[in-house]
Amino acid sequence: MDAVPARARAYVACVVLAALFCLRPLPELHTPWWAVVLLAALYAGCEHIARSRFVGTFHPVLLAGAFLLPPPAAALVAVPGALLSGVAQRPVALRRLWRAAQLVVAVWAAARVHWSLGGRDAVVASDFRYALLPAGAAVLVFCLVLTVLDGGILALAERVPLRRAWRGLFTRSLAPGVVHGLVGLMMAVLWRSPYGPVAALLVMLPMGVSWWAFAQYHRERAAHQATIRALVQAVDIKDGYTRGHSERVGQASMMIARELGLDDDRVEVLRFAGILHDVGKLGVPTRLLRKDGPLTPEERRVIELHPEYGHEIVRGIGFLGEARAAVLHHHERMDGSGYPYGLVGSQIPESARVVAVADAFDAMTSTRSYSRARPVPAALEELQRCAGTHFDPRMVTALVRVITRSGWRPAVTADESGTRPVSPPRPRTPSPPGVHR
């Protein structure tokens with residue numbers, strides 16, 4: 001987001017002040033500045049390559065600095081790379097400053113713990129066995145500080161409850177932290193050994209191989225995203241009235257999944273499910289999708305085949321996982337009155353129940369050729385009214401909670417002239433949301 005809340009900016013300012021405190025020089029400690037410059041340049045180069053190859057951040061050099069240098073000097077290693085690294089979202093300057101400050105604090109804390117546990121003496125003596133315990137404690141502190149800071153900015157900038165903002169962050173950072181810590185420790189021990197810094201830099205070669213493998217994974221992921229975009233664009237071209245609907249259903253599905261506490265992999269799959277839920281419209285005649293008048297029973301039956309068409313289209317795309325079931329069953333209803341198979345209650349896959357609520361919510365809050373947008377509160381009220389008959393009450397409750405807390409911007413999908421939608425009077429006996437015409 002371009003607009004960062006004032007409380008988030010204040011939080012960033014506090015972390016920056018903490019970082020400046022960590023960088024204050026300590027006269028009683030000897031600092032080998034040539035090592036600081038070399039490690040800072042190495043980290044900046046590795047960080048640039050890592051981000052350009054979509055392989056995330058690169059912490060072994062930072063941890064090697066924490067094992068080799070006094071805390072203020074070790075923290076200084078992170079500054080050039082963090083300030084010069086690429087940022088995809090705005091505000092760029094604030095994000096770079098935040099990244100540099102949180103790394104400075106985390107590295108300083110890790111170096112402080114490492115030195116207090118006698119890790120420096122073990123590294124100087126090139127004794128890998130005795131260096132493991134202090135290094136392990138330093139890595140834990142490093143991951144913990146990053147987790148606390150990341151959770152705090154997520155809670156303040158995105159209005160996510162603290163407990164959910166921190167949920168899973170530490171455990172997810174632990175595995176890569178341990179790997180990076182071991183590489184950093186090997187670099188530090190070799191650096192202090194008779195072989196010198198050149199041997200320490202050779203440790204980077206295995207990491208280069210892992211970078212390459214990880215980059216291959218991200219290229220494959222990018223290909224998946226391109227496949228999904230192509231399918232969605234094809235649907236949008238064919239059914240112009242619902243342009244943008246798929247992306248919004250994907251967003252709403254992701255919000256419901258996060259509110260339910262699902263893990264990140266399932267959240268991503270449910271986003272795919274929401275985006276692709278109407279891909280079966282590619283098999284429906286265009287004249288039916290763009291018909292202005294009411295549909296005949298025969299035409300309605302043809303349109304109601306689109307979940308099966310969609311399932312046939314995505315059935316061979318393995319990475320979609322349970323999203324394929326959502327494409328097939330997102331028009332099923334809890335009372336068995338839906339289509340295509342009339343499934344009841346728990347027979348309907350959970351992913352389909354999520355997408356059904358997201359689909360209906362966006363359908364009600366968007367202006368179409370045959371209906372005007374409802375206000376968000378009215379749409380949520382209608383979903384609650386239909387909970388238990390048409391929709392899973394858990395999914396409805398989750399959406400109501402997250403929309404109430406974070407808000408929602410309904411978009412106009414049919415009117416491209418820029419006029420604002422006018423909410424019509426609520427009908428006396430409203431039709432089930434999400435049903436075609």
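The following questions and answers concern a predicted model of one protein chain.

Reader: How many helices and how many strands are there in the protein chain?

Author: The predicted chain holds 437 residues, and buried residues make up 48% of them. Its secondary structure elements number 21 helices and 0 strands.

Reader: Among contacts between residues at least 6 apart in sequence, what percentage join residues at least 24 apart?

Author: Two separations in sequence matter here. Contacts in the protein chain are taken between residues at least 6 apart, and the share joining residues at least 24 apart is 73%.

Reader: Which residues of helix 19 make the contact with helix 14?

Author: Helix 14 passes helix 19 in a right-handed crossing. From helix 14, the contact involves Arg266, Leu270, Ala273 and Gly274. From helix 19, the residues are Glu350, Ser351, Val354 and Val355.

Reader: How many nonpolar residues are in the contact of helix 13 with helix 19?

Author: Helix 13 (residues 245-259) packs against helix 19 at about 130 degrees, with the axes 8 Å apart. Helix 13 contributes His245, Arg248, Val249, Ala252, Ser253 and Ile256, while helix 19 contributes Val354, Val355, Val357, Ala358, Asp359, Asp362 and Ala363. By class, this contact has 2 polar residues, 3 charged residues and a nonpolar group numbering 8.

Methods. Residues numbered from 1 in each chain as written. Predicted model: local features only at pLDDT ≥ 70, side-chain atom pairs only at ≥ 80, totals over all residues. Heavy atoms only, no water. Helix = DSSP H or I, 4+ residues; strand = E, 2+ residues; numbered from the N terminus. Buried < 20%, exposed > 50% of the residue type's maximum accessible area, 1.4 Å probe, protein only. Contact = heavy atoms within 4.5 Å. Left-handed = near helix turned anticlockwise from the far one by under 90°. Axes fitted to C-alpha atoms, helices over the stretch in contact; angles between N-to-C directions. Nonpolar A, V, L, I, M, F, W, Y, C, P; charged D, E, K, R; others polar.
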